[in-house]
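User: Hello! I am new to this structure and would like to go through it step by step. Could you help me with a few questions?

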Amino acid sequence: MKTSNPVLSQLGRAAERERAGAYGAYGPGGAPGYGPAGYDQPYPSQAYPAAPPAVRPMTIDDVVVRTVALLAITALSAAAAWVLIPAPVALPALIGAAVIGLVLGLVLSFMRMANPILIGVYAVAEGVFLGLVSRVYESLYDGIVLQATTATFGVFFLMAILYRARVIRATPKFARIMISIMVGLFAVMMINLVFALFGVNTGLRDGSPLAIGFSLVCIVVASLSFVLNFAEIEEGARMGLPQKYAWTAAFGILVGLVWLYLEILRLLSFLQDD
């Protein structure tokens with residue numbers, strides 16, 4: 001099945017290569033001469049080898065199970081970091097977790113890797129990062145973590161309902177615009193981070209009206225990114241992508257939830273300061 005989604009097109013081509021490699025010289029029914037490896041080959045003189053194992057297609061339930069598993073890993077890692085990491089080593093641990101999460105996130109996103117081990121390590125790194133960041137915010141603003149967590153999952157389920165009711169549709173134009181905006185926001189945040197390391201304040205993260213407006217934009221974009229996730233999951237299941245790509249879909253949802261939580265946490269802190 002063809003799709004206008006560039007990510008799913010790439011995954012679809014990868015899945016087709018996997019199927020071709022799995023069948024090799026034998027077709028889906030075990031018949032020789034099917035596919036590139038077996039083209040024009042003679043029938044073997046001995047008994048046919050066993051047919052290759054069928055690749056189980058991804059289902060929405062597979063994505064749900066893996067998403068819950070990743071959220072559990074992240075939550076447990078966050079709780080462990082909050083309780084067990086002492087204050088003197090909290091900053092190095094936070095920086096290390098942030099770097100590991102950023103590198104793994106970029107690798108998994110751009111290479112579209114469906115590796116459950118790497119994705120699990122990403123969830124652990126993000127959990128440690130979120131646990132330490134949340135501990136700092138909670139020490140400054142009592143109850144802010146519970147508020148941010150409730151708001152994050154509330155927005156997520158609201159977007160799921162809106163997508164299910166087809167109030168918001170992931171059209172090709174919508175997908176192109178969203179991807180462009182997310183890339184632009186990521187570039188702006190990286191540039192702002194570099195400036196901050198050199199002591200330059202751009203006003204995007206200091207609690208000013210500009211910072212509040214920027215956080216609101218990020219929250220809206222992070223919320224709408226779930227529409228892309230839902231569309232990829234739905235269309236990927238319809239295309240019959242292999243089951244392992246459920247990990248890729250679950251990873252995408254986790255990335256969106258982490259981003260949304262951090263932006264809501266930051267916005268709530270700005271508002272409480274005001």
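This is a predicted model: local features need pLDDT of at least 70, side-chain atom pairs count only at pLDDT 80 or more; totals for chains, interfaces and linings use all residues.

User: Is Ala72 buried, partly exposed or exposed?
Analyst: Ala72 sits in helix H2, which covers residues 60–84. Its relative accessibility is 36%. Buried means under 20% and exposed means over 50%, so Ala72 counts as partly exposed.

User: How far apart in space are Ala72 and Ala123, C-alpha to C-alpha?
Analyst: In sequence, Ala72 and Ala123 are 51 residues apart. In space, their C-alpha to C-alpha distance is 9.0 Å.

User: Which helix gives the largest share of the nonpolar patch on the surface?
Analyst: The patch includes Leu91, Val99, Phe110 and Phe186, and its residues together have about 920 Å² of accessible area. Leu106 is also one of its residues, and with a relative accessible area of 32% Leu106 is partly exposed. Leu106 lies in helix H3. Nine residues of the patch come from residues 90–111, the helix that gives the largest share: H3.

User: At what angle do H3 and H4 pack?
Analyst: Residues of H3, among them Ala97, Gly101 and Leu108, meet residues of H4, including Tyr122, Ala125 and Phe129. H4 spans residues 116–140, and the axes of the two helices are 8 Å apart. The angle between H3 and H4 is about 140°.

Terms used
Residues are numbered from 1 along each chain as its sequence is written. Side-chain values use heavy atoms; hydrogens and water are left out. Patches are made of residues with over 30% relative accessible area and no salt bridge: like charges are joined within 9 Å, nonpolar side chains (Val, Leu, Ile, Met, Phe, Trp, Tyr) within 5 Å. Accessible areas come from the Shrake-Rupley method with a 1.4 Å probe; for residues, only the protein chains shown count as cover. A salt bridge is a side-chain nitrogen of Lys or Arg within 4 Å of a carboxyl oxygen of Asp or Glu. Helices (H or I, at least four residues) and strands (E, at least two) are DSSP runs, numbered from the N terminus. Buried means under 20% relative accessible area, exposed over 50%, partly exposed in between (1.4 Å probe, protein chains only). Axes are lines fitted to C-alpha atoms, for helices over the stretch in contact, and angles run from 0 to 180 degrees between N-to-C directions. Contact means heavy atoms within 4.5 Å.
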